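Trainee: I have a list of local details to go through. Can we take them one by one, with the cut-offs stated as we go?

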Amino acid sequence: MDSVRQRMRQLQTQIEDANYRYYVLDDPAMPDAAWDLLLRELQELESRHPGLADPNSPTQRVGSRPSSGFEEVVHATPMLSLANAFTEEEVGDFVSRITKETGDADPEFSVEPKLDGLAISLRYENGVFVRGATRGDGSTGEDVTANLRTVKCIPLKLRGEAPGVLEVRGEVYMPKADFEAYNARALREGGKTLANPRNGAAGSLRQLDPRITAMRPLAFYAYALGEVSAMPSSIQTHSQSLSWIRDFGLPVCPEAGTARGTGGILAFYRRLGERRGQLAYDIDGSVYKLDRFDQQRAMGFVSRAPRWAIAHKYPAQEQQTVIEAIDVQVGRTGAVTPVARLVPVQVAGVVVTNATLHNADQIARLDVRIGDSVIVRRAGDVIPEVVRVIEDRRPAGTSPWSMPVQCPICGSAVEREPGEVVSRCTGGLYCPAQRKQALIHFASRRAMDIEGLGERLIEDLVDFGYVKTVADLYALRLDDFLAMKRRADERDGSTPDAVKTGKIASKWAENLIEAIAASRETLLERILFALGIRDVGESTAKTLARHFGALDPIMAADESVLREVPDIGPVVAARIAHFFAQAHNREVIAALRANGVHWTEGAPQRASEGPLAGKTVVLTGGLAAMSRDEAGARLEALGAKISGSVSKKTGIVVAGEAAGSKLAKAQELGLEIWDEARLLAFLDDHAGKPSD
């Protein structure tokens, strides 16, 4: 048995070394056939001796059982997005700011391609891969560990002596040649093709069945560190950290390097742009990061982006096509948006069939007509748009397009307010299109957070007449969902089998009923945001909740009273007052209350009140007792202003587990720093006393 165990370890080491040379060093040590023989031998030994199998063996990348969904992962340090630059002047301004604030006349940057894939985080503990997550909203992502284990170039165990915790950020992408081969095979076998490499990568990682992910040709490049329990003092720059990551067996993009000053990074941008078509992967720009960590800390962050890094995007890609029709879409607030239906054309690797025309003024400016040949532009994830009409190709007999005077969904009048560019359907919640969008917004995670109530279900609930207002959601029964599912199956021409119509089928409906019930208890700011009042986002909803303390005073307030609320101007005040003046909106709120929906209310709190009034608080690192969102809400209730960046104006920095650069900057500036114990003690001392 010892000899078998020894041979299995030997095979595993040989395969892992071969993978390292292939994926990381780009220097294959053996032909594919030899690698296949080693893997097959290891598989045979593991099948004969399952008790000796290593869970991190290279054979364990075929995927596990399907999952019912993805768990949320709170990032120990946020996965921030990058600001964008589109011109060389903007890049020059970026470098000038760094030069001015650091005093370095010729700063050095780490430079790399901006990969067009999906950002992910890999967490290793004692050298073993334990968790992988998507970026999500930057603070919270989805646990896709099982899917990431199938990506062959992601090591399941690190090489050498890794720190206790090593979190690596990077990009999962689909190489262009592998994407083309996958689609060619899918066409031959009658399968479904992938739209483009980026969507292929993102969609593969979000498969509930990891076995499907295992069949997709995914790759990975590391580009940054996240949480690290210990790092050698010799590593003082970003480029050094990439070399350190690479030594552990994680692949780093071979195009990554360093460059000095504006001239150096622009030269990298141009060289990379010239070779863009020959690269093995899709990119949409270059990324420049200030290389020295001490200079990064000095520059700090603004909002959700570092001030020491920027993405320099390549020009949008354009193609020519023909407009077959112009339709209009009706949004949640009644906005009527014209949409061009196009002869399908591939733009920047994506087949485009629709493009936005924005509004009637834009159509008039471009003089877009049905039948026109047009230029369509797509940049990154931005919705494709029509940017130019080729007038000398215009067919005879065309006529200018005009906005419909009636909503195509409900027949209500379409009107345009003075001074606005957007036309709107006046049907309000009477209009099914607005009703659907209002329900989607109401159920969203940042609003009432009704898990599982997605767009398709909401469409069916409205189309079959089960729901007319958001309050109707709380009157739904299990039988309603099951009956709706049967009607949807009949409409779609599908015949449910015995399994789908049995207890398994009702489980999704039971989960929905439970999710709806759980959302009955919420916060005042959440219900205000969920109601979908025009121009009332999360921040304004929080401001209203703190200022008034309860919903009824807000409903009773006129424009003059609302304008006394900090940061609420005349336009927003008018829209809030108008919303609550509508009888049907008041009826919906009364119905929500009657159906058991309730929210926390308390005493009004003015901006000058509370023990933390006038103080700006920054939360960084992970908290054990509560989420950062919850901690921020409780601090705001005590008068604090929550910020995402540390500056001289910051009053308090709350540093949780694995706090990073924000803590370091706070220490440099001599700011007041609390650990989690002090935060909890403060919150306990002031529980129920928002205006001490």
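Trainee: How many Å separate the backbone oxygen of G200 from a polar atom of the side chain of S204?
Mentor: A polar contact is a pair of N or O atoms within 3.5 Å; within protein, one must be able to donate a hydrogen and the other to accept it, and residues adjacent in sequence count only if both atoms are side-chain atoms. Between the backbone oxygen of G200 and a polar side-chain atom of S204, the distance is 2.5 Å.

Trainee: What pLDDT do local features need here?
Mentor: Residues are numbered from 1 along each chain as its sequence is written, and side-chain values use heavy atoms, without hydrogens or water. The model is predicted, so totals for chains, interfaces and linings use all residues, side-chain atom pairs count only at pLDDT 80 or more, and local features need pLDDT of at least 70.

Trainee: Where is A219 found, and what does A219 contact beyond four places in sequence?
Mentor: A219 is found in strand β8, residues 219-228, and is buried because its relative accessible area is 10%. Beyond four places in sequence, A219 of β8 is in contact with V151, C153, E171, V172, Y173 and P175.

Trainee: C153 is a cysteine; how far away is the nearest cysteine sulfur?
Mentor: A disulfide is a pair of cysteine sulfur atoms within 2.5 Å, and the structure holds zero disulfides. C153 is accordingly in no disulfide, and the nearest cysteine sulfur, that of C253, is at 12 Å.

Trainee: At what angle do α13 and α14 pack?
Mentor: Axes are lines fitted to C-alpha atoms, for helices over the stretch in contact, and angles run from 0 to 180 degrees between N-to-C directions. On that basis, the axes of helix α13 (residues 455-463) and helix α14 (residues 478-492) are 10 Å apart, at an angle of about 90°.

Trainee: What is that orientation called, and how many nonpolar, polar and charged residues are in the contact?
Mentor: Angles under 35 degrees count as roughly parallel, over 145 as roughly antiparallel, 65 to 115 as roughly perpendicular and the rest as oblique, so α13 is roughly perpendicular to α14. The contact is made by R456, L457, D460 and L461 of α13 and F481, M484, A488, R491 and D492 of α14. Ala, Val, Leu, Ile, Met, Phe, Trp, Tyr, Cys and Pro count as nonpolar, Asp, Glu, Lys and Arg as charged, and the others, Gly among them, as polar. By class, the contact has five nonpolar, no polar and four charged residues.

Trainee: Where is H358 found, and what is its phi?
Mentor: H358 is found in the loop between β16 (350-356) and α11 (360-366), and is partly exposed because its relative accessible area is 36%. Although H358 is a residue other than glycine, its phi is positive, near 70°.

Trainee: Where is the place of D367, and about what is its phi?
Mentor: D367 sits in the loop between α11 and β17 (373-378). With a relative accessible area of 22%, D367 is partly exposed. D367 is not a glycine either, yet its phi is positive, about 55°.

Trainee: Which elements do the buried residues of α23 pack against?
Mentor: In helix α23 (residues 661-669), the buried residues are K662, L663, A664, K665 and A666. They pack against α10 (293-299), β11 (301-302), β23 (616-620), β25 (652-655) and β26 (672-674).

Terms used. Helix = DSSP H or I, 4+ residues; strand = E, 2+ residues; numbered from the N terminus. Contact = heavy atoms within 4.5 Å. Buried < 20%, exposed > 50% of the residue type's maximum accessible area, 1.4 Å probe, protein only.
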